[in-house]
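Subject: Handing over a structure, with notes

Dear colleague,

I am passing on the structure we spoke about, together with some notes for someone who has not looked at it before. Please open it alongside this message and follow the notes in order.

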Amino acid sequence: MAGVGIQGVLQRADRLYRRVAGACGRTVAAGGSRDPAGNRRRRAARLAERGHPWRRGLAGALTAALFLGGIAAAQAQVIATRIWPARDYTRVTFESRAALDYSLFALKNPGRLVLDLNTEDADGLIAELQSKVAAADPYIAVLRVGTNRPGVTRVVLDLKAEVRPQVFALKPIADYGHRLVLDLYPLVPPDPLVALLELNGQLGAPAGRGGPPRKVSVARLATVVIDAGHGGEDPGARGRRGTLEKEITLLIAKRLKGLIDAETGMRAVLTRDGDYYLALGARVKKARDVKADLFVSVHADAFTRPHARGSSVFTLSQRPSSAAAAWLAKQENDSDLIGGVNLDTRDPILQQVLVDLSQTGNNDHSRKLAGAVLSELGQINSLHKANVERAGFAVLKAPDVPSILVETAFLASPQEERRLQDESYQDKMARALLAGIKRYFAKNPPRPQGPLARY
Ligand SMILES: [Zn+2]
């Protein structure tokens, strides 16, 4: 072990301790329910073992457990807890300085989820979750926290409906330490197209029992999907005055939706309508599910240089138009790591969406849309670049929906931050985006069945 250093030895021993403690304390899932927690831990343990064969000795493991028990418990202390309720799913996040060991099981009649965390709630941050559950939370009725046994804090969630839980760990990134994430998805995910039609009163009353199947009649409206960048765990860029990009993008997106819905022959759908994170692939999927004619992702990032100013519009390309555009695309694509996406159980449909599909035809329309929007933005703000830029943004990968990403302004610039906070400026920005979209539709009217007819 020469050359490893005491810190390295302590860290390794600590990991070992957690593995041993986790194996001893593993809870068996009740009623045949899934145990993604156990799967995850076993996989992590296998990986760890492969990388560090010296740790296979049981004697060493036990010594480490006895020697370092106190330290491990202190390191795994929970330092923050958050709940992000949304129609799409509810997320509970536990942030800690070291990876948390855990087990999850489900109980029926009444439906409950039990999450055991191998930590003491010394600062009461886990208990704080009890008061953080909103009455309107679609999935959690009540959340209770208590000490199950020394070293194990138990979180019990009384459920309002049957859910599909997912639990996964995220490694430290950006401002975050280790995170353990519990997502509660509805058993049957809502169909965004049906939700949209119901919202617009385009679906008749459900047919009575025994009656003919309900027919969905869809008036042909140009559908624009507006994607408010970031959200929930992922705040995006931060201005010096504390403005968060995720808040600005949602405000502008909502204003733009209001303007589009007021137009005849157009309607808008938001990928998210609250403060929660959506995977980049889920945003793309939503656009495809509602048979979008256009997809507009709204951002207000920082940039490589603090003095960067002006608006930019991007389209998808594997060949970035500049090093700065490539850098920005990398930042945006990191959103999934910061916002927290469970890579182990990612929806296969989402994966399919994000594979490299042919972009022929779609790129052309994306560029036309980008050009129209850029020229309108030039009327209200300076332009960061005079031309449409391009880079490999994952959120622009719908193969059949013309897609653009708009950097409305740079939050890192104090002047632009002030403007972005101003409601009248947000309105101006939304109106410029609408003008660009209308300019595009004037020359490229939506196809009778929409570009998705062939899918
Ligand atoms: Zn952004």
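This is a predicted model: local features need pLDDT of at least 70, side-chain atom pairs count only at pLDDT 80 or more; totals for chains, interfaces and linings use all residues.

The four-stranded sheet

Four strands make up an open sheet in the order S1-S2-S8-S7, and their pairing is antiparallel. The strands S1 and S7 (163-170) are at the edges with a single partner strand each, so one side of each has no neighbour in the sheet. From one strand to the next the twist averages 10°.

Strand S1 (residues 78-84) pairs with S2 in the antiparallel sense over six bridges, and the two are joined by a hairpin through five residues. Within this pairing, Ala80 stands opposite Glu95 of S2, while Arg82 has Thr93 of S2 as its bridge partner. S2 is also joined, by seven bridges, to strand S8 (residues 178-186), and these two strands run antiparallel; here Phe94 stands opposite Leu180 in S8.

How many of the residues of strand S2 (residues 90-96) are buried? Seven of the seven are, so S2 is largely enclosed by the rest of the structure. Thr90, Val92, Phe94 and Ser96 point one way from the strand, whereas Arg91, Thr93 and Glu95 point the other way, and all of these are buried.

The six-stranded sheet

A further open sheet has six strands in the order S10-S9-S11-S14-S12-S13, and its pairing is mixed. Its edges are formed by strand S10 (266-270) and strand S13 (389-391), each of which has a single partner strand, so that one side of each is left without a neighbour in the sheet. The twist in this sheet averages 30° from one strand to the next.

Helix H6 (residues 245-261) packs on this sheet, where it touches strand S9 (222-228), S10 and strand S11 (294-299), and its direction makes about 155° with that of S10. Helix H8 (residues 323-333) lies across S12 and S13, and runs at about 50° to S13. Strand S12 (residues 312-316) is joined by three bridges to strand S14 (residues 403-407), the two running antiparallel, and in this pair Phe314 has Leu405 of S14 as its bridge partner.

Helix H12

Which residues of helix H12 (residues 414-421) are buried? They are Glu416, Glu417 and Leu420. These residues cover an arc of only 105° around the axis, which puts them on the same side of H12. As background, an α-helix has 3.6 residues a turn, so residues three or four places apart point the same way. The buried residues of H12 pack against H6 and helix H13 (423-443), whereas the face turned away from that buried side carries the exposed residues Pro414 and Gln415.

The C-alpha atom of Gln421 is separated by 9.9 Å from that of Leu244, although the two residues are 177 residues apart along the chain.

Points in the loops

The peptide bond from Asn109 to Pro110 is cis, with omega near -5°, and Pro110 is placed in the loop between strand S3 (102-107) and strand S4 (112-117).

His230, in the loop between S9 and H6, has a phi near 65°, which is a positive value in a residue other than glycine. Is His230 buried or exposed? It counts as buried, with 29 C-beta neighbours inside 10 Å.

Lys291, found in the loop between helix H7 (280-289) and S11, likewise is not a glycine and yet has a positive phi, of about 55°. Lys291 is buried, with 21 other C-beta atoms within 10 Å.

With best wishes

Notes. Residues are numbered from 1 along each chain as its sequence is written. Two strands pair if DSSP finds at least two bridges between them. Axes are lines fitted to C-alpha atoms, for helices over the stretch in contact, and angles run from 0 to 180 degrees between N-to-C directions. Two residues are in contact if their C-beta atoms, placed from the backbone, lie within 7 Å. A residue is buried if 20 or more other C-beta atoms lie within 10 Å of its own, exposed if 12 or fewer, and partly exposed in between; C-beta atoms are placed from the backbone. The arc is that of the directions from the helix axis to the C-beta atoms.
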